Amino acid sequence: MRDPFGATEAPPALDTAQDALFLDFDGCLVEIAPRPDAICVPDRLGLGLAALAARLDGALAIVSGRSLRELEHYLAGFDGPMVGSHGAESRGLGEAPLRPEGLLALQAELAEFAAQKGLLYEPKSLGAGLHFRARPELQAETEAFAARAALRFPGFEVQLAKMAVELRPRGASKDGALARLTRRAPFAGRRPVYAGDDVTDEPALAWAEAHGGYGVKVGPGDTAASYRLGAPDQVRAWLARPLGEDAWDV
Ligand SMILES: O=P(O)(O)OC[C@H]1O[C@H](O[C@H]2O[C@H](CO)[C@@H](O)[C@H](O)[C@H]2O)[C@H](O)[C@@H](O)[C@@H]1O
């Protein structure tokens, strides 16, 4: 049952014969941390995902805002498809990355702003992030700076995130990634199930709902998803169900 603010129910068990599973990373598979490099990733998370992917006949993909190289590092053991940088780069799909002109100049400007203001600068493979978690009073100023940068660098657009604002390649999106993935094997013909926690995930949650599947919102907040889980440990427990805890062992 839904309340006026969105999903309240836990999702059903995955149907491994017919579901195609798409998983966000930060805030979904792993808990949010004070800094991007301070996350605690369970040692065997990649291997657990690999076991689940095998049960889904390969129909499991990671869809994240993180740079692809970081996803590959944190999820070692999982060799299935991955989409990084909010849809702008991928692994295993034969797609060319979206690399707009001006990336290095954009990164230099953001790094300089971060240094001046005492923000955490996150260089990304196809963009950059400004994290204001340590200086929340600078949110409005940081978002305004990012909006002006996007005008100077039209190949990029603003992506809001948790206590951060990013510049990502214009046109990249998680829902666009889902649309592409679900046109190809082994995802085509299966029911799309997407789990994610942030505003960056809402278009993908809505996409899964609109295409015969469902979304699982992780944590609080309004959502288009039909279902909700409270935190990443609950997501990991939900993912373990089709395997049994011994096989998952995360
Ligand atoms: O799409 P996601 O996998 O959810 O990635 C979104 C962004 O996540 C990371 O930032 C967020 O998580 C950090 C670690 O918990 C946290 O410190 C930060 O405040 C959050 O915004 C990552 O750093 C970004 O590159 C991702 O785009």
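Tutor: Start with the shell around the ligand. It draws at least three residues from each of domain 1 (18-88 + 172-248) and domain 2 (103-169). These domain bounds come from an automatic or database domain assignment.

A word on the model itself. It is predicted: local features need pLDDT of at least 70, side-chain atom pairs count only at pLDDT 80 or more, and totals for chains, interfaces and linings use all residues. Residues are numbered from 1 along each chain as its sequence is written.

Back to the shell. There are 25 residues around the ligand, and Phe25, Asp26, Pro36, Ser64 and Gly65 come nearest. A residue is near a molecule or strand if its C-beta atom, placed from the backbone, lies within 6 Å of it. By class, the shell holds 9 nonpolar, 6 polar and 10 charged residues. Here Ala, Val, Leu, Ile, Met, Phe, Trp, Tyr, Cys and Pro count as nonpolar, Asp, Glu, Lys and Arg as charged, and the others, Gly among them, as polar. Three strands each supply at least two residues of the shell: strand 7 (120-124), strand 8 (127-131) and strand 10 (164-169). Helices (H or I, at least four residues) and strands (E, at least two) are DSSP runs, numbered from the N terminus.

The centres of domain 1 and domain 2, taken over C-alpha atoms, are separated by 25 Å. Their contact takes 16 residues from domain 1 and 13 residues from domain 2. Two residues are in contact if their C-beta atoms, placed from the backbone, lie within 7 Å. On the domain 1 side of this contact, the residues divide into 7 nonpolar, 6 polar and 3 charged.

Next, look at helix 3. Helix 3 covers residues 103-117 and has 15 residues. From first C-alpha to last it reaches 21 Å, close to the 21 Å expected at 1.5 Å a residue. The expected span is 1.5 Å times one less than the number of residues.

Which residues of helix 3 are buried? They are Leu103, Leu106, Leu110 and Ala114. These four lie on the same side of helix 3, because they cover an arc of only 70° around the axis. The arc is that of the directions from the helix axis to the C-beta atoms. A residue is buried if 20 or more other C-beta atoms lie within 10 Å of its own, exposed if 12 or fewer, and partly exposed in between; C-beta atoms are placed from the backbone. On the other side of helix 3, Leu104, Ala105, Ala108, Glu112, Ala115 and Gln116 are exposed. Ala111 also belongs to helix 3. It counts as partly exposed, because it has 16 C-beta neighbours inside 10 Å.

What do the buried residues of helix 3 pack against? Strand 7, strand 8 and strand 10 are among their partners, along with helix 4 (139-152) and strand 9 (156-161). Recall that strand 7, strand 8 and strand 10 also supply the ligand shell. Just after helix 3, Gly118 takes a positive phi of about 75°.

Met163 sits in the loop between strand 9 and strand 10. Met163 has a positive phi of about 55°, although it is not a glycine. Met163 is partly exposed, because 17 other C-beta atoms lie within 10 Å.

Now turn to helix 5 (residues 174-181). Its buried residues are Lys174, Asp175, Ala177, Leu178 and Leu181. They are on the same side of helix 5, because they cover an arc of only 155° around the axis. They pack against strand 3 (19-23), strand 4 (60-63), strand 5 (82-84), strand 11 (191-196) and helix 6 (202-210).

Leu181 also brings us to Pro81. Pro81 touches Leu181, and also Ala61, Ser90, Arg91, Gly92 and Leu93, not counting residues up to four places away in sequence. Pro81 lies in the loop between helix 2 (68-74) and strand 5. It is buried, because 22 other C-beta atoms lie within 10 Å.

Follow the chain on from helix 5. Pro186 lies in the loop between helix 5 and strand 11. A cis peptide bond joins Ala185 and Pro186, with omega about 0°. Ala111 and Pro186 are 75 residues apart in sequence and 40 Å apart in space, C-alpha to C-alpha.
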